[in-house]
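Please read it alongside the structure shown here.

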Amino acid sequence: MLETIDLQQVLVLDIETVSQKATYTELPGNFQELWTLKTQHSLNEGQSAADVYPDAGLYAEFGKIICISVGVFHQQHGQTGFRVKSFAHVNEKELLAEFSALLRKQPSNLTLCAHNGKSFDFPYLCKRMLINGIALPLQLDLSGKKPWEIPHLDTMELWRFGDFRNAVSLNLMAAVLGIPSPKDDISGKDVFEVYYGENNLDRIRVYCEKDVITTAQILRRLRNEPLIIQEAISFAE
């Protein structure tokens with residue numbers, strides 16, 4: 001039962017990703033060919049693999065992680081608070097190493113929570129860690145575990161209640177549950193341009209943190225608990 005989970009043993013996270021390179025032409029020849037093969041059946045008329053290369057960030061084999069934001073619940077003076085920390089770096093290996101070090105300091109049964117995490121965030125993190133030569137922390141290592149032994153929560157999956165016909169965006173869930181939208185500046189489709197066009201990683205960090213806060217608020221609503229007040233949300237350096 002969701003209500004029996006101790007929120008202080010839950011780490012909420014969100015990742016932001018972009019393509020490995022700014023343009024298709026910057027890719028090594030073999031990866032140009034592999035991206036062309038990947039997209040050949042999904043192109044619209046008149047489109048080329050180069051045209052859709054900004055979408056490469058959606059795939060761990062062709063993208064990279066540029067920001068990971070995490071948040072933890074805590075109790076203070078009888079009130080639930082939420083503390084957020086981010087790892088944002090142009091060097092993906094360094095970013096992932098810092099995040100891995102954080103997880104290794106936590107209990108092995110720490111519950112990880114993300115929106116669409118089981119289909120995107122968690123597998124993406126695992127793949128990019130292995131690609132970068134970083135051993136998987138216990139909280140992400142699913143090898144040999146039964147489904148009920150995996151300490152992962154997915155707010156999209158929880159909201160589906162067994163209905164797997166449609167995906168539900170974080171923004172839509174926030175709207176129907178009366179939670180302020182996290183998309184008041186940029187959205188996921190803007191991350192590529194903000195990163196490669198504006199060179200503004202800090203703007204992406206702020207966006208990622210808003211998604212983490214929104215996911216935490218959604219988790220509270222799914223437990224029929226009140227939202228965390230703004231004054232109880234804090235940020236770590």
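## Surroundings of E209

In this predicted model, E209 is in contact with S69, V84, S86 and F235, neighbours within four places in sequence being left aside. With one of these residues, S86, the contact is polar: the two side chains approach to 2.7 Å.

E209 counts as buried because its relative accessibility is 8%, below the 20% limit.

## Helix α7

E209 belongs to helix α7, which runs over residues 201–222. Of the 22 residues in α7, 16 are buried, and the helix is thus mostly covered.

The length of α7 agrees with expectation, because 22 residues at 1.5 Å a residue should span 32 Å and the end C-alpha atoms lie 32 Å apart. After α7 comes N224, with a positive phi near 55°.

## Nonpolar cores

The largest nonpolar core has 24 residues, and those touching the most other members are V10, V12, F73, F82, I218 and L219. Two or more residues are given to this core by each of β1 (10–19), β3 (79–88), α5 (170–176) and α7. The largest share, 6 residues, is that of α7.

Beyond its neighbours within four places in sequence, V12 is in contact with S69, V70, G71, F73, F82, C113, V212, T215 and A216.

Definitions and conventions
Residues numbered from 1 in each chain as written. Predicted model: local features only at pLDDT ≥ 70, side-chain atom pairs only at ≥ 80, totals over all residues. Heavy atoms only, no water. Helix = DSSP H or I, 4+ residues; strand = E, 2+ residues; numbered from the N terminus. Buried < 20%, exposed > 50% of the residue type's maximum accessible area, 1.4 Å probe, protein only. Polar contact = N/O pair within 3.5 Å; in protein donor to acceptor, adjacent residues only side chain to side chain. Contact = heavy atoms within 4.5 Å. Core = buried A, V, L, I, M, F, W, Y, C linked by side-chain atoms within 4.5 Å. Expected span 1.5 Å × (residues − 1).
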